[in-house]
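Dear colleague,

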Amino acid sequence: MKGKLFFLMLVFVVPAMAQVQRRNQLGPKLGFGYYNLSYGSSSKQTGLTRTLDSLQVGNTALNIGVSYKRRLTRELSLATGIELGKYQVNYLENSLPSLAAYHQKILQLNVPIGLEYNIISDNWQPFFGVYVQGSKIIQSEMDYILQQGWNTTTLQSYLPATTWLYGMAITAGAQLPLADHWTFEPAIWATYTLKSLAANNFIQRPYQLSFQAAVLYTF
């Protein structure tokens, strides 16, 4: 009798675990949050970077893309995707000579690749992950209004010295099942760019805090 029970466990349990290990997930994601630029520690800041750091207030971050995940083990997943990020950086009004308003708009392509650890439960799966991210700035513009001409808005293309970037990201969230093959995934992301936008000793590294949500199809 015990032998029969052990055989039934092998028949039903092992294929179920194998199915989890082979599971793929693919679907769209949308993120919204806060974006700003870091100018390094105060000891390493120059007069210019210290001034810009004090005037800068950051602005919104919008991410739209596709997420793909592949289970490597029951708890561990390889995750990647591609997304388009639209970011803005604001400066305090009337803070720079002759300028009434000033902000930068950045359009950027991101490809994150990382590992996620899933905590398996009956109804939902919390997870946390670590990523490396490669990025390409495809458009950057400066938008400002001169104090002497309040009705004149100037929009000027301005690409930074470095347009190919790399950085790190950490995330934490959960997967909530919607149906047999559909999962809703809310998550919090924190991303820091290791490569400076500026050249030489001028340090200007973007960072981002955002809430992202994805709807994933499991197959």
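R74 counts as partly exposed, with a relative accessibility of 32% (buried means under 20% relative accessible area, exposed over 50%, and partly exposed in between, using a 1.4 Å probe and protein chains only). Its salt-bridge partner is E75, with 3.6 Å between the closest N and O atoms, and E75 is likewise partly exposed, at 25% relative accessible area. A salt bridge here is a side-chain nitrogen of Lys or Arg within 4 Å of a carboxyl oxygen of Asp or Glu.

Please bear in mind that this is a predicted model, in which local features need pLDDT of at least 70 and side-chain atom pairs count only at pLDDT 80 or more, while totals for chains, interfaces and linings use all residues. Residues are numbered from 1 along each chain as its sequence is written, and side-chain values use heavy atoms, with hydrogens and water left out.

The structure holds 4 salt bridges, among them one between E83 and K29 at 3.1 Å, N to O. Because E83 lies in strand β3 and K29 in strand β1, this pair ties together parts that are 54 residues apart in sequence (strands are DSSP runs of E, at least two residues, numbered from the N terminus), and both residues are buried.

In another salt bridge, the closest N and O atoms of E185 and K69 are 2.5 Å apart. E185 lies in β8 and K69 in β2, so parts 116 residues apart in sequence are tied together; E185 is buried at 6% relative accessible area, and K69 at 3%. K69, E116 and E185 are linked in a network of salt bridges.

Best wishes

Technical notes
Helix = DSSP H or I, 4+ residues; strand = E, 2+ residues; numbered from the N terminus.
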